[in-house]
Amino acid sequence: MGKTELYSLYKGFVDCICLCLSRSSHEAAGDNERDTENGHLIYKSGDVLEDRYEIVDTLGEGTFGKVVQCLDHSSVLTHRGGGQIALKIIKNLEKYREAAKLEINVLEKISERDPHNKHHCVQMLDWFDYYGHVCISFELLSLSTFDFLKANNFLPYPINQIRHMAHQICHAVSFLHDNKLTHTDLKPENILFVNSDYSLIYNAEKKCNERRVNDTTVRLIDFGSATFDHEHHSVVISTRHYRAPEVILELGWSHPCDVWSIGCMLFEYHEGFTLYQTHDNKEHLAMMERIHGAIPQRMIQRSRKQKYFHRGRLDWSECSKAGRYVKAKCKPLRKYLLSHSTEQHHFFNLLERMLEYEPSKRISLSSALCHPFFLPLHHPGRSQVWRDSCDMSR
């Protein structure tokens, strides 16, 4: 081979490398152009991800990223009569990618333990990495119980609907606890209706039409903060209004913190407003004392938050502006009874058991499912005392 041929071959080789590098740089720039400043994926309706998921609409946005409605063109899913799915697109930021991987691990465990979807937890269908964005596909659900309440001008849910929703929620979270998981972020936004179609019913008492959801079947979602018993437990968990006293007092937490959150949610379904409307720890504790009585001495003595207390009592003045606010906003739990019916007393007894200060004394969800409040679901039209098979001490 002559010098001219060698030179041509070498030049062609160098040109090829330069072209590849140029293309690689262009593609990398293209990847960056897909993201906004805060890491969200830039997309528009009609975009197709992975040659499979066609974006139809945006369903919601959170700190983690966005949830979009997609048409899944996979023949497997279409064959199942589906097609419409929800796709959670995580921000292209390391901390959110790591959190998404932990969530996927939890969702895979749930699928493994509940292959027939009998425990009311949302089903993960698939997951993949799209240019640095972890994407998780789920069955498509409808409005959250919070969004429905909001759209209904915060008119409370009827007690029979609360009963069915509460039973499913307790069942779902009990399933998590049985599998050594704590959800840690239970709130009405994380309970979704499978179908939120509704009928308009005239409310004679309020003198207005209200929305009545036709089907109260729900799913528990958002396992991004779910924690296995053996894993590191963050000091602060739960959205403020649903945060248990042991979390605020930094006493450590486990499954009972979920039970407290459920109690707060059920109150909200029943009244149309949150039980603890605050953003301050000490005020939150003052509200608890107004609603449930004094915080137990044992919890105060063990707390790492001694700055909230003085001589073994909450350092709080009812005469201050904040004190007057708490007094006006909160009253003892039983004062919220709508009537003195057996049904109301059963419901508030369940709330009291769920909102017990001491985690060790708080009712377990397996026992809660046996509570008389749920008896109409098991024995329609029948009334009976707490079944002996249920351990009231749990």
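Biologist: What makes β2 and strand β3 a pair, and in which sense do they run, parallel or antiparallel?

Modeller: This is a predicted model, and in it β2 and β3 (residues 65-72) are joined by eight bridges in the antiparallel sense. Two strands count as paired from at least two bridges, so β2 and β3, with eight, are a pair. One of the links is that between E54 and its bridge partner L71 in β3. A hairpin of two residues leads from β2 to β3.

Biologist: How do you know that strand β1 pairs with strand β2?

Modeller: β1 (residues 48-49) and β2 (residues 53-62) share two bridges, again antiparallel. The cut-off is at least two, so this pair meets it. L49 has Y53 of β2 as its bridge partner, and V48 stands opposite E54. β1 and β2 also form a hairpin, with three residues between them. In that turn, E50 has a positive phi of about 60 degrees.

Biologist: Why are β1 and β5 called edge strands?

Modeller: Start with the whole sheet: it is open, with six strands in the order β1-β2-β3-β4-β6-β5 and antiparallel pairing. β1 and β5 (124-130) each pair on one side only, and that makes them the edges. In general, strands of a sheet are held in pairs through backbone hydrogen bonds.

Biologist: Which helix lies across β4, β5 and β6?

Modeller: That is helix α3 (residues 94-113). Its direction makes an angle of about 30 degrees with β6 (133-139).

Biologist: What makes the approach of E139 to Q123 a polar contact?

Modeller: The side chain of E139 reaches the backbone nitrogen of Q123 at 3.0 Å. The limit for a polar contact is 3.5 Å, so this pair is within it.

Biologist: Let us turn to D72, which sits in strand β3. How do you know that D72 is buried?

Modeller: D72 has a relative accessible area of 3%. With the cut-off at under 20%, D72 is therefore buried. The side chains of D72 and R52 are joined by a polar contact of 2.7 Å, a distance within the 3.5 Å limit.

Biologist: What about the nonpolar residues: how many are in the largest core, and which touch the most other members?

Modeller: The largest nonpolar core has 87 residues, and L220, F223, I262, L266, Y269, L285 and M354 touch the most other members. Helix α5 (residues 159-178) is the biggest contributor to this core, with 10 residues. A second, separate core has 13 residues, among them Y53, C70, Y130 and C135. In soluble globular proteins, nonpolar side chains tend to be buried together.

Biologist: Which residues does I262 touch, beyond those up to four places away in sequence?

Modeller: I262 touches I169, C170, V173, L186, M354 and L365.

Biologist: And what does the protein chain look like as a whole, in helices, strands and buried residues?

Modeller: The protein chain has 13 helices and 14 strands. Of its 394 residues, 46% are buried. Its accessible surface is about 20600 Å², with 51% belonging to carbon and sulfur atoms. Among contacts between residues at least 6 apart in sequence, 63% join residues at least 24 apart.

Definitions and conventions. Residues are numbered from 1 along each chain as its sequence is written. This is a predicted model: local features need pLDDT of at least 70, side-chain atom pairs count only at pLDDT 80 or more; totals for chains, interfaces and linings use all residues. Side-chain values use heavy atoms; hydrogens and water are left out. Helices (H or I, at least four residues) and strands (E, at least two) are DSSP runs, numbered from the N terminus. Buried means under 20% relative accessible area, exposed over 50%, partly exposed in between (1.4 Å probe, protein chains only). Contact means heavy atoms within 4.5 Å. Accessible areas come from the Shrake-Rupley method with a 1.4 Å probe; for residues, only the protein chains shown count as cover. Axes are lines fitted to C-alpha atoms, for helices over the stretch in contact, and angles run from 0 to 180 degrees between N-to-C directions. A polar contact is a pair of N or O atoms within 3.5 Å; within protein, one must be able to donate a hydrogen and the other to accept it, and residues adjacent in sequence count only if both atoms are side-chain atoms. A nonpolar core is a set of buried Ala, Val, Leu, Ile, Met, Phe, Trp, Tyr and Cys residues joined through side-chain atoms within 4.5 Å.
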